[in-house]
Amino acid sequence: MSEVKYSKEHEWIKLEGDTATIGITKHATEMLGDIVFTELPEKGSNVEKDGTAGVVESTKAASDVYTPVSGEVVDTNQAIVDDPSKINQDPENTAWFFKLKIKDKSEMDSLMNKDEYDKFAKESSS
Amino acid sequence: METKKTPLYQLHQDSNAKFVEFAGYQMPIQYSDGIVEEHKFTRKHSGIFDVSHMGQLFIYGDGDLVNDLEKIFPLDLKNLKLNHSKYSFLMSDAAGIHDDLIITKIENGFLVILNAACKENDFKILSKLLNNKYEMVLDEKKSLIAIQGPKSVEILNDVIKGVEDLNFMTGNWFLFNDEKIYITRSGYTGEDGFEISVANELADNFTRKLIDKGAKLIGLGARDTLRLEAGLCLYGHELDKDKTPVEANLKWAISKDRISKGDFIGSDIIIKQLTNGVQKVRVGIKPEGRVIAREKTKIFNQANLHIGEITSGTFGPSVNGPVAMGYVENEFSKKDTKVFLEVRGKKHPANICGLPFYKKNYVKGAN
C-alpha cells in the first residue's frame, strides 16, 4: 500500500516501492493563487532533502519548491510546465511535479501524516 | 499608524476579499475568483475597482489659477475645455516625476486625481508652488470607483442615465439618489470605462447596484496585470523622482506648444533631453519562453553587458504569457532588439517590443 506524507513546506510525497511522487498541496495552491509558471528539476539530476527542486510562480510572486526527501529525479510532469493552471485544478493527483528514486526511506519518518498536516496548515494560515 | 479603510471595506469583506496594505490602506488584492479570472472578466465583461485610496484634489480659483498651474504642469491648460481631462505629471526642477496624475477642468477650477502613496506629498508641493493663493481640498469625503470593460457603459448607463454620451477623457455631473456625482470616461486597464467620484455614504449602495447589474469587484492584483498589458506606467515602478517623462517615453503627454515656450518646472531638462536624447528609456519587453521576469530583474545585451532593469513584470492573462516593462540604454531600445533577462541565475532570451501588449478598446466618440 502506498503512503502519502506531507512536509512543512507544503509538499506531498507518495511512496510506491522506492519511487516517490512529489507535488504541492491544495493548501499551498490556495495560498499561492493562480499558478502561471512552473520550473522542474532536470531528469537524471540528484536532489537533496530540503533543497530546492523547482519553482512555482503565481501572478503575485515566485516560490521555491523543496524536496522533502533525497533522490535521483527519474521523471518530471511536462503537463504542468505546458499548462501551470493544472496545478490549481488538481494539485494532489494529476498535477504532480517530479518522481524520485529515493535513497533512504527513513527520511520519510520526520514528515507529517494527513491529520498532522491538516492541523499544521490550519495553524500556519491563521 | 493605523491603516485606513475605504467606505467599501464592508462590501469587500462580504465579497471574500483578501486584503493587503497598500499606501496605508487596507485594500483588496483579490476576491474568491482570483487574479486571472478577475482580469479576464474585466476584459470580457465589466469589473469594478475601489480606487478610493487615490487622492481627489480640488483646486478652485480665478483666471490666475490657470497661469499658475501652467508653470507646474506641461499642458495647454488655457485651452482645456470644461469637463475635459489630460494625463500629466508633477515634476521636480530636474524633471524627476513626483507623481503622475489626471487633471480635469471643472467649474471654478480643476480636479486632479493623484496616486494614493503620493497624495499627501503632492498636496504639500502644490500648496507651496501655488503660495497658498487658492482653495485646495484633498477631498476625503468622496470615494472613487472605477468600472472598466466592454459591458461597463451598458451597466453604468442603467444606473445613471446619460453616461453613454460621454467621450473618452471627458466628464460631467450626474445625479444618483438626488446627489450630484462626477463621472469621467477614463480608467487604467486598457478598456473602455468610467471613474465615478461619489460621496462616501453613497459609495456602498452605488457599488452594490453595479454588482446587481452584472459587474464584479476586481482586486488590485488584476488591476496590475491589466494596466501592465495595456502598457501603462505605475508610480514607484516605471515612474519615480529619478526618471523624467522623456525617459519614461511619455513625451506624448507634454504639450508641444508648452515645450516651445519652455516656461514650466523641469522644462530646461525636458528640452535638453528632447534635443540631445536620453541615456535610458522605458520599453516593453516580451520574454520568449514562459519565465516571468519580475521587478529589478537585470537586462543584458547579446554581448552580455548589463544594459537595464525590469520595473514591472508579470504573467499577462489575456496575452497568455509573461509581459514586462523596464528601462534599457537607449541604443538597445529599438523594437525587436534581442536581450537577456537574468532570472534565478539563468539568462532567458526576450525581445524589446512595442506597447501595449494588449490592444486598447477605448471609445473615442459616443456616436
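Two strands pair if DSSP finds at least two bridges between them. Helices (H or I, at least four residues) and strands (E, at least two) are themselves DSSP runs, numbered from the N terminus.

This is a predicted model, in which local features need pLDDT of at least 70, side-chain atom pairs count only at pLDDT 80 or more, and totals for chains, interfaces and linings use all residues. Residues are numbered from 1 along each chain as its sequence is written, while chains are lettered from A and ligands numbered from 1 in the order in which they are written.

**Stop 1: chain A as a whole**

Select chain A, which has 4 helices and 9 strands. Following the sequence, they come in the order β-β-β-α-β-β-β-β-β-α-α-β-α. The radius of gyration of chain A is 13 Å, close to the 14 Å given by the globule rule for 126 residues, so chain A is as compact as a globular protein of that length. That radius is taken over C-alpha atoms, and the rule is 2.2 Å times the number of residues to the power 0.38. The C-alpha trace spans about 35 × 35 × 25 Å along its principal axes.

Of the 126 residues in chain A, 41% are buried (20 or more other C-beta atoms lie within 10 Å of the residue's own, with C-beta atoms placed from the backbone).

**Stop 2**

Select residues 3-6 and 11-16 of chain A, which are β1 and β2. The two strands pair in the antiparallel sense over 4 bridges. Find Glu3(A): opposite this residue, in β2(A), is Leu15(A). In the hairpin there are 4 residues between the strands, and His10(A) has a positive phi near 70°.

Which residue in β3(A) is the bridge partner of Leu15(A)? The partner is Ala20(A). Between β2(A) and β3(A) the hairpin has 2 residues, and Gly17(A) in the turn takes a positive phi of about 65°.

**Stop 3: two helices in chain B**

Move to chain B and select helix α2 (residues 35-44) and helix α7 (residues 220-229). Their axes come within 8 Å and cross at roughly 55°. Axes here are lines fitted to C-alpha atoms, for helices over the stretch in contact, and angles run from 0 to 180 degrees between N-to-C directions. Show the side chains of Ile35(B), Glu38(B), His39(B) and Thr42(B) in α2(B), which meet Gly221(B), Ala222(B), Thr225(B) and Leu226(B) in α7(B).

**Stop 4: the sheet of chain B**

Six strands of chain B form an open sheet with mixed pairing, in the order β10-β11-β12-β9-β3-β13. At the edges are β10 (171-176) and β13 (216-217) of chain B, each pairing on one side only. Inside the sheet, select β9 (residues 142-148) and β12 (residues 193-199) of chain B, which run antiparallel and are joined by 7 bridges. Ile145(B) has Ile196(B) in β12(B) as its bridge partner.

**Stop 5**

Select β14 (residues 280-287) and β19 (residues 346-353) of chain B, an antiparallel pair with 4 bridges. Ile285(B) stands opposite Ile352(B) in β19(B). Lys338(B) has Asn351(B) in β19(B) as its bridge partner. Where is the positive phi in the hairpin of β18(B) and β19(B)? Look at the turn, which has 2 residues between the strands: Arg344(B) has a positive phi of about 50°.

Terms used. Buried ≥ 20, exposed ≤ 12 C-beta atoms within 10 Å, placed from the backbone. Contact = placed C-beta atoms within 7 Å.
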